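Welcome! Here is a short briefing to read alongside the structure shown next.

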Amino acid sequence: MIHSLFLVNASGDIFLEKHWKSVVSRSVCDYFFEALERATEPENVPPVIPTPHHFLINVLRHRIYFVAVIQSEVPPLFVIEFLHRVVDTFQDYFGVCSEAAIKDNVVVVYELLEEMLDNGFPLATESNILKELIKPPTILRTVVNTITGSTNVGEQLPTGQLSVVPWRRTGVKYTNNEAYFDVVEEIDAIIDKSGSTITAEIQGVIDACVKLTGMPDLTLSFMNPRLLDDVSFHPCVRFKRWEAERILSFIPPDGNFRLLSYHVSSQNLVAIPVYVKHNISFREGSSQGRFELTLGPKQTMGKAVESVLVSSQLPRGVLNANLSPSQGTYTFDPVTKLLSWDVGKINPQKLPSLKGSVSLQTGASKPDENPTINIQFKIQQLAISGLKVNRLDMYGEKYKPFKGIKYMTKAGKFQVRT
Amino acid sequence: MIARGKNASDLFPAVVKNVACKNIEVKKLVYVYLVRYAEEQQDLALLSISTFQRGLKDPNQLIRASALRVLSSIRVTIIVPIMMLAIKEAASDMSPYVRKTAAHAIPKLHSLDPEQKDQLIEVIEKLLADKTTLVAGSVVMAFEEVCPDRIDLIHKNYRKLCNLLIDVEEWGQVVIINMLTRYARTQFLNPNINEEEDKKAEPATLAKRKPYVMDPDHRLLLRNTKPLLQSRNAAVVMAVAQLYFHLAPKAEVGIIAKALVRLMRSHSEVQYVVLQNVATMSIKRRGMFEPYLKSFYIRSTDPTQIKVLKLEVLTNLANETNISTILREFQTYIKSMDKDFVAASIQAIGRCATNIGEVRDTCLNGLVQLLSNRDELVVAESVVVIKKLLQMQPEQHSDIIKHMAKLIDNIQVPMARASILWLIGEYCEHVPKIAPDVLRKMAKSFTNEEDIVKLQIINLAAKLYLTNSKQSKLLTQYVLNLAKYDQNYDIRDRARFIRQLIVPTDKSGALSKYAKKLFLALKPAPVLESPFKDRDHFQLGSLSHLLNAKAAGYQELPNWPESAPDPSVRNVEVKDSVCAERTVLTGPEGAGVLLLQTTRGSSNMQDLPKKLLISLFHRMSHVLLHHSHSEQSSSAEDRKRGRKAVKNQKSASESESESESSESEEESEEESEEESESDTNVRKKRVRLDWNRIPAYYFMNTLHYIQYTTLAPSGSIKMYELLHRIKGEGLAVEYCFSRQPFSPEPNMVAVQIQFTNNTNSETKNLHIEDPRLQSGMRIREFAEIGLQPSESVTVVMGIDFCDSTQAANFQLCTHTRKFFVSIQPPVGELMTPAFLTENDFKKEQGKLMGMNEILEKLTLGEKCVNEHVIVERVTATANLSRVPCGSDKECRFAGKTVSSGCLVLVTVTTKEGGGAQLTVNCEKMLIGTMLVKDILQALSQ
């Protein structure tokens, strides 16, 4: 299946390689570099590159290309999904997944990769099992290790791999037993020129941080489970129970994990919490263009819209922008032509606006494309779909856990066409 | 150094010495090093082998596994025999984890030495029969690498794999699903065969064709994979999607669309692969994705390759109803900054226009407007597309041609200029005035044009000469002369050739007569079609599909067979003991009951224990087997127990064959001990002494169960009437719920049907037809039978009631008549006994509190004086087993629903003065309430 893995940084150097079967020369990456050169943007590299003897499947995360070498037929998603899992594991272990972090922890990285794949076939990808095998490096542990000469590698071989709940370790102990759930919803929307919604959908996830002693069995029920149109679960969730009663019943993994992700379809009406008034015009013949942008809240159920960030890719003909924001700060990069305006919180009494002029290249004709405006925002304490958790119960253990649920709405891919 | 790709092989001896090091981290790193360089330094690598061989014998399963892993990763040919031996040994290891590692080692050895294939296949065959989820994924992967064509190895394991699938780890799921797709393609009939052939088939053959009946195994596969669409792993979702696309009946394919659309939210690489597959699917099954049209709208931030793929999908989805919205979207795309994408959008508009006749004019107008765009690329692309569109109906669009003729002054892109010239030449009859004028202009600039344009100018000149020689004769001559001295030989050739053709000279050959025909022949309009059109012959989701070329090791997806191969190959051979048992138990009463009757009637008490014991063993092995079956489908926390039960079942059957495993020895000991006892109560006590021994404990539990069921009067298996003798014209049919597990399908309820022929003639071809069932319910029919006069025959059929008390309706057919009949199960028959310890019971009960618990107070009936009667009454009402309990005030029972394996827990607590409290805990509240009602009734009588 997966033969080898090469890690390539943004400047096109291979800084790590790992082979699971016989060694594949790193010259195979030349094909990848060719494709990289051809692509205008870093993300435009095709994920699958065929070469005469191998196939290269790559993913780009954190400005590092993870290039897997395949020799024979294998479902491409299998490889892609695995590579993402590798990145997630690195992130889990080192906090960030950067070239520096990988180089600093090259031994751990190598041990991890060795455990995750055997002969090209995934072996242990569950972070709980891995953590038992190879302990994540912390400052304290490094100090202890250097003094006592012990290692990061677990002395005990993991039992999780053998258990029926491979996602949970046995013998977990906490003094404070707590279970937190974050319901995070993202609105993906395209708004057209006149302000009407072309498409809008809500993607939500429930991320959990569960620190409970022993083997608790949790059930989570919703006030309105019918809202959830399409869901995907962490393997711990009992599917049958959900099918029958729309209740999430599970033995949670230890620590942070994503319990489920869901989708509220575009068939339901989606409330759009902000509106944008814009007037961007370029006149023929003149080297000046008018630029006006006003933001305002709507349908926010009384909650404040925070951390608003507006960005827009202006046409290539734009030379500079001379704007004045009523609040927040704006930047314009004359090279990439990217305008971004950090608005902050929207005050419904005094709507934030950005007005001014943009100067065009002299002599250049009026650009005929209109910039799209991307908006990011956050609304605390609100799940825009109206999803509400009814209750959380715990069985199987005696103590009383501390429970908490937080809601948040964010903008996903929120675009306004002008 | 290895990580940086530098050669560190010089250090080999120094590093390998450390293999015996105590520090695990060092050890592991040595392994990494060893595996990397062993190939180059074979002799030295051999030094380390003995360490691993020692590891293979370690009592710790994990050390055995890792030793095997490293040993098999060393690519040195000399140790092949050692590896082979190690794999064989590990394949029969006690620990499933070691067996899994053995499965991993198989492809390694195969790639090292392909000659070992035959031996390896034997190992694979053995491992395929393994019942643990841990092994399943890995062994199927080995199967795919070593012998993907040995489909015959799968037959026996097919049902097991289907049932285990949901519990296998995610990577294994992907491999298994892909393999099963291929398997199903060879073993089942095409579910869509009727629809696809209806278009072509003649009515006569239509009438003859048998209605399609889906093989129950095919259905099993589809049903068991469906929940996996909810997986968090995109690869699993894609695998299920392709399985449904390739195998499911048309009506059911729709469900995958939602899941695929969900994947589109994922990383862009995942999106890319999914969109590729959606593009292929959307050509064949357009309706499937139409509701999700808006999810494919393009955002300006998408990478170009995603944009182009989305465009492709949108174009495929376009039809009369949604075309206006799609076109409006396309119009905004044209304004995008990404020029490649704009070009692709214009092409997409062109394709929509060719596919949907109604919008052709609107599209054309839109494209013509684009001609005034400032961006040359856009204009050029639209010219090319317009050319293709005009070719379809040139008559009505002479004004567009005129407009384009004007454009030629401004457009610089050679391809576009060439296209315009070709258009004018082709349709010069529609624009008689302009054409010569254009030629005049072009002749002037001939020398400065690109080659492709020059060729078209010559073409235009030739065509004009033929249609309108008066005006263009001189011009043509001029152009041809210019071309004669061109630098490009292609153009010189063309000029020479055309001159010969069209200019009449004395020597002109026969060809010139046909010049007009040659040049002005009607050209067929080009067909604009999707590049994804024929991709579906590759298995979706595969690398080959993505590249549209066969990758090495790609296994062709076979076509559906004409007629279904024998489905019986998948029937699992039941162990001998169980077979024997079945013959005993298919009688109208269970063996135990039968035995009890004999005991009651018989005064020869000496015979009793022996007989009872034999039946006990039979019964127990069956019960345990069944237990393990139902466990497979039950939820996660029960799995462990299930596995134990499997082990037990094995040992039970082994004990009968008097094998030498330790557990069975234990049991055969008991057997001999018990043979000497004559009182059942004493035996019970003896066994209770063995409480701490797990196998014995199960044994005892079974004893309990058997004891109580056997104590139930024989009348407790109630016969229901299916067809009365008079109504059935002499054929009387009765049925009862035999409470036996239905071995072909564990989640069906076995219904025993007794036919009695009261007529004087033979009844032939008794069978079931036309079952009308609630959705999800299934019937497994009995084989056709015949009845001699006054003969009585018993058959067993299976019905999956889906844990509801809805009746199953069907027709009972004889060779002369059909009878409508229905079987409605009492709620108590929808469950099978489950074996729990007291602690397990309490734990499970703790999980099923709140809404799932039903409490009811009751007054016990007069006859319910002691524990015995209560137990009897409850077990008669519902198929439950008793759970041992310390207090004599309480009776506990446990069972599982047959279809979904939900636990049903019943507690009866007696109080002073004939009062009692009944508690039922069940996840399925409906079942719980009905059960409470039934038990209440039974107890208060």
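This is a predicted model, in which local features need pLDDT of at least 70, side-chain atom pairs count only at pLDDT 80 or more, and totals for chains, interfaces and linings use all residues. Residues are numbered from 1 along each chain as its sequence is written, chains are lettered from A and ligands numbered from 1 in the order in which they are written, and side-chain values use heavy atoms, with hydrogens and water left out.

**A sheet in chain A**

- In β22(A), Leu392(A) is the bridge partner of Leu220(A).
- Strand β10 (residues 217-222) of chain A runs antiparallel to β22(A), with six bridges joining them.
- These strands belong to an open sheet of three strands, ordered β12-β10-β22 (chain A), with antiparallel pairing; two strands pair if DSSP finds at least two bridges between them.
- Helices (H or I, at least four residues) and strands (E, at least two) are DSSP runs, numbered from the N terminus.

**Where two helices meet**

- Helix α2 (residues 76-94) of chain A and helix α10 (residues 170-187) of chain B have axes that come within 11 Å and cross at roughly 175 degrees; axes are lines fitted to C-alpha atoms, for helices over the stretch in contact, and angles run from 0 to 180 degrees between N-to-C directions.
- α2(A) and α10(B) are therefore roughly antiparallel (angles over 145 degrees).

**A buried residue in chain B**

- Asn757(B) lies in strand β3 (residues 749-757) of chain B.
- Asn757(B) counts as buried because its relative accessibility is 0% (buried means under 20% relative accessible area, with a 1.4 Å probe and protein chains only).
- A polar atom of the Asn757(B) side chain lies 3.3 Å from the backbone oxygen of Leu787(B).

Notes:
Angles under 35 degrees count as roughly parallel, over 145 as roughly antiparallel, 65 to 115 as roughly perpendicular and the rest as oblique. Buried means under 20% relative accessible area, exposed over 50%, partly exposed in between (1.4 Å probe, protein chains only). A polar contact is a pair of N or O atoms within 3.5 Å; within protein, one must be able to donate a hydrogen and the other to accept it, and residues adjacent in sequence count only if both atoms are side-chain atoms.
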